[in-house]
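Dear colleague,

I am passing on the structure that we talked about, and I would be glad if you could look through it before reading on. My notes on what was found follow below it.

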Amino acid sequence: MFSGLMFYLFNINSAKHVQNNIQMTEVTMSTSKHDAFWMPFTANRQFKAEPRLMVSAEGMYYQTEDGRNVLDGTAGLWCVNAGHGRKRISEAVAKQIQQLDFAPTFQMGHPLPFELAERLVKHTPDGLNRVFFTNSGSESADTSLKIAIAYHKAKGNHGKTRLIGREKGYHGTNFGGISVGGLGNNRKSFGSLLTGVDHLKHAWKPGSEFTKGLPEDGAEMADELLDMIALHGAETIAAVIVEPIVGSGGVFMPPQGYLKRLRQITEQHDILLIFDEVITGFGRVGEAFASNRMGVTPDIMNTAKGLTNGAIPMGAVFLQDFIYDAFMQGPEEIIELFHGYTYSGHPVAAAAGLATLDIYEEENLFQKALQLESYWQESLHKLREHGVVKDIRNYGLVGAIELHSSEKFGERGYKIFNHCYWKQNALVRCTGDTIAMSPPLILEESHIDELMNALSKSLSNAL
Ligand SMILES: Cc1ncc(COP(=O)(O)O)c(C=O)c1O
């Protein structure tokens with residue numbers, strides 16, 4: 001009977017196969033094994049002509065399809081903070097799938113997200129004790145914006161719906177996130193976006209080039225928010241959202257005192273302050289979160305990426321107690337917030353999160369960026385000797401080298417990135433003509449030397 005079934009399936013499959021092949025020939029003439037996947041944020045045709053494929057990873061290195069070890073200078077995409085191939089995480093994930101693959105968190109529950117939330121809030125700044133789980137940084141952005149508006153409504157302030165973002169801000173790719181985001185390319189193909197949104201100016205001043213750490217000048221740029229309050233009225237503004245460090249927009253550090261000033265103004269006008277810590281969270285800048293290190297506590301803090309070391313998709317929005325409490329006032333049988341995702345608090349993601357947190361805590365990885373910061377900084381700033389370098393920026397284990405652009409913006413950044421990957425066996429990231437770096441926090445000084453050496457050679461030879 002088994003062989004009969006196999007024969008039947010085989011025939012069905014081969015019949016489908018023939019049919020599909022005919023359709024493929026007629027419709028697409030597809031030949032390459034890379035055609036079907038439409039890659040995100042990628043020049044697909046350029047990539048597919050010379051694919052950069054990584055097939056395995058361990059510690060600080062990727063292994064490529066053509067058999068090379070490539071030093072990971074970007075923690076994947078700002079997420080593999082504890083380094084690659086962590087058995088503790090993969091074992092926790094495998095065990096969890098076998099024990100409980102899925103259970104809903106809509107009107108049902110399972111223990112792991114409760115446990116993870118309790119563990120996580122031990123690391124957040126004071127008061128950020130409530131956690132709403134999502135599956136990504138983009139979902140965290142939209143969740144935070146929706147909760148901010150719904151909070152004011154719950155308090156009876158129905159007019160407080162306006163959202164303020166910032167030029168160069170990146171808050172993922174959902175409609176809320178791109179509306180408050182300040183990157184033209186991410187917005188302009190997608191229609192009119194959310195209404196009732198305004199943007200602060202990009203908070204970086206010419207003259208701050210080659211600053212080590214946070215620029216001294218520019219805190220007063222936060223006062224632009226006062227102009228917006230004068231223009232729109234505080235009674236119409238729900239929240240201000242910013243990244244403590246601008247990531248995808250080119251890696252810019254906030255001027256000293258700027259975030260504190262934003263905090264003061266938002267507090268004075270009953271406007272919620274949201275920090276998007278999707279890249280700065282989980283040890284990137286020398287404490288668990290940039291908010292801890294910079295001494296500014298937002299009302300809402302968005303995270304994802306390092307939460308599970310990038311192994312399983314998961315995000316988390318941290319909220320002040322007073323926000324949660326505002327929703328918990330009506331009849332107990334009424335759902336307080338009509339928002340959530342099928343996979344909010346997914347058991348497998350939560351297991352990955354718990355195992356990741358074990359590693360961060362046991363290996364003191366949240367402190368690692370601080371210990372290596374000055375070595376990282378000095379090594380990075382030596383690259384200033386290359387004439388093409390326009391600026392170098394750093395904080396914690398974040399680094400950026402901005403290049404003088406050629407006639408074609410982004411061309412030089414791409415050349416350095418590609419040369420590093422193919423010729424120097426190092427992975428860096430390019431956003432336009434800025435090379436961004438954010439290595440796993442397990443790195444040693446020798447890895448910093450290796451990365452800077454690779455960059456130096458690329459800067460000498462690739463342009
Ligand atoms: C600051 C910030 N917010 C949000 C996101 C979006 O995260 P995701 O790609 O997981 O949706 C990113 C991604 O890089 C980010 O850097």
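A polar contact is a pair of N or O atoms within 3.5 Å, and within protein one of them must be able to donate a hydrogen and the other to accept it, while residues adjacent in sequence count only if both atoms are side-chain atoms. This is a predicted model, in which local features need pLDDT of at least 70 and side-chain atom pairs count only at pLDDT 80 or more, whereas totals for chains, interfaces and linings use all residues. Residues are numbered from 1 along each chain as its sequence is written, and side-chain values use heavy atoms, with hydrogens and water left out.

Let me begin with the ligand. A polar side-chain atom of Lys 305 is found 3.0 Å from an oxygen atom of the ligand. In Ser 138, an N or O atom of the side chain lies 2.6 Å from a ligand oxygen, and at Gly 137 a polar backbone atom is 2.9 Å from an oxygen atom of the ligand. On its own the ligand has 390 Å² of accessible area, and the protein covers 83% of this (areas by the Shrake-Rupley method with a 1.4 Å probe).

The second topic is the pair of domains. The chain is divided into domain 1 (44-85 + 364-461) and domain 2 (87-362), with bounds that come from an automatic or database domain assignment. Their centres, taken over C-alpha atoms, are 26 Å apart, and the contact (heavy atoms within 4.5 Å) takes 40 residues from domain 1 and 35 residues from domain 2.

The buried area, meaning the accessible area (1.4 Å probe) that two parts lose on being put together, summed over both, is about 3,200 Å² between the domains, and carbon and sulfur atoms give 58% of it. On the side of domain 1, Trp 78, Phe 366 and Tyr 395 lose the most area to domain 2, together 29% of what that side buries.

Two salt bridges are found across this interface, where the rule asks for a side-chain nitrogen of Lys or Arg within 4 Å of a carboxyl oxygen of Asp or Glu.

With best wishes
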